[in-house]
Amino acid sequence: MLLAGRGSIIRSTDFGATWIDTVSFNEGPVVKILNHNNVIIAGLEEAQFWGGGGIYVSTNTGNTWQLSNLDTFDCQNLCSNGNYLFTTDGSKLYRSIDNGFNWIEITHLPTANINSINTNNNDLYITDFGSLESVLYKSTDDGVNWFEVTDAGNVLINSMTRVGSRILAGTEHGGIYHSDDNGHLWSHYLA
């Protein structure tokens, strides 16, 4: 089990009874950590007085880390979908097919203001935060083509997950919404 702290990652091998500081990053605070195909990927935020951020990869449960080709990168979000990994700095979207070691930019995005990236049922979603309303975009081919799913209303979608056939969306100050038709229609679930 790994947890990300302000500038470090700690590890437990006994279900949280004890913790070991595995690595301290001078390049920025760890904002996202993800286990993908038994490879640990850590996304660092670019922060004043810290450094340039970046994406780091560990193939040995956090004992050692290797910097990816996104070496000066302000990671805002990190997610996986099948064999692919996705990350964003808020304006650009990147995809990795080799467990996070190398990233390529996905071009032809429908927006330059990415609030969140999420995956559900092999679909990739991004939300636009360019105005006071979120617009949800969906790709069914790992970011090659996009289409607008819905206008989510006067909320900013921060995270999504699938529970059975239902998609849940967590919003900033708007509660939780759900969709039973892959994001086309949304209902307010919790305030």
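## A walk through the strands

Start by selecting Lys138 and Asp123: their side chains make a polar contact at 3.4 Å (a pair of N or O atoms within 3.5 Å; within protein, one must be able to donate a hydrogen and the other to accept it, and residues adjacent in sequence count only if both atoms are side-chain atoms). Before you go on, know that this is a predicted model, where local features need pLDDT of at least 70 and side-chain atom pairs count only at pLDDT 80 or more, while totals for chains, interfaces and linings use all residues. Residues are numbered from 1 along each chain as its sequence is written, and side-chain values use heavy atoms, with hydrogens and water left out.

**Stop 1: the Lys138 pair**

The two residues also form a salt bridge, with 3.4 Å between the closest N and O atoms (a side-chain nitrogen of Lys or Arg within 4 Å of a carboxyl oxygen of Asp or Glu). Asp123 sits in strand β13 and Lys138 in strand β14, 15 residues apart (strands are DSSP runs of E, at least two residues, numbered from the N terminus). Is Lys138 buried or exposed? It is buried, at a relative accessible area of 6% (buried means under 20% relative accessible area, exposed over 50%, partly exposed in between, with a 1.4 Å probe and protein chains only). Asp123 counts as buried too, at 10%. Show what surrounds Lys138 and, beyond four places in sequence, you'll find contacts including Tyr125, Trp146 and Phe147 (contact means heavy atoms within 4.5 Å).

**Stop 2: the other salt bridge**

Arg166 lies in strand β17 (residues 166-172) and Asp180 in the loop between β18 and β19, so the pair ties together parts that are 14 residues apart in sequence. Here Arg166 is partly exposed at 26%, and Asp180 is partly exposed at 47%.

**Stop 3: a hairpin**

Now pick residues 114-120, strand β12: six of its seven residues are buried, so the strand is largely enclosed by the rest of the structure. Six bridges join β12 to β13 (residues 123-128), and the two run antiparallel (strands pair if DSSP finds at least two bridges between them). Click on Ile117 and look for its bridge partner, Ile126. Two residues separate the strands of this hairpin, and Asn121 in the turn has a positive phi of about 55 degrees.

**Stop 4: an open sheet**

Colour β8, β9, β10 and β11, and you have an open sheet of four strands in that order, with antiparallel pairing. β8 (77-81) and β11 (104-106) are at the edges with a single partner strand each, so one side of each has no neighbour in the sheet. Which residue stands opposite Cys79 in β9? That's Phe86.

**Stop 5: His36**

Select His36, in strand β4 (residues 30-36). His36 is buried, with a relative accessible area of 3%. Asn99 is 63 residues away in sequence, yet the C-alpha atoms are 6.8 Å apart.

**Last stop: the cores**

Nonpolar side chains tend to be buried together in soluble globular proteins. The largest nonpolar core here has twelve residues, among them Leu34, Phe73, Leu78 and Trp103 (a set of buried Ala, Val, Leu, Ile, Met, Phe, Trp, Tyr and Cys residues joined through side-chain atoms within 4.5 Å). A second, separate core has eleven residues, including Leu93, Leu124, Ile126 and Val135.
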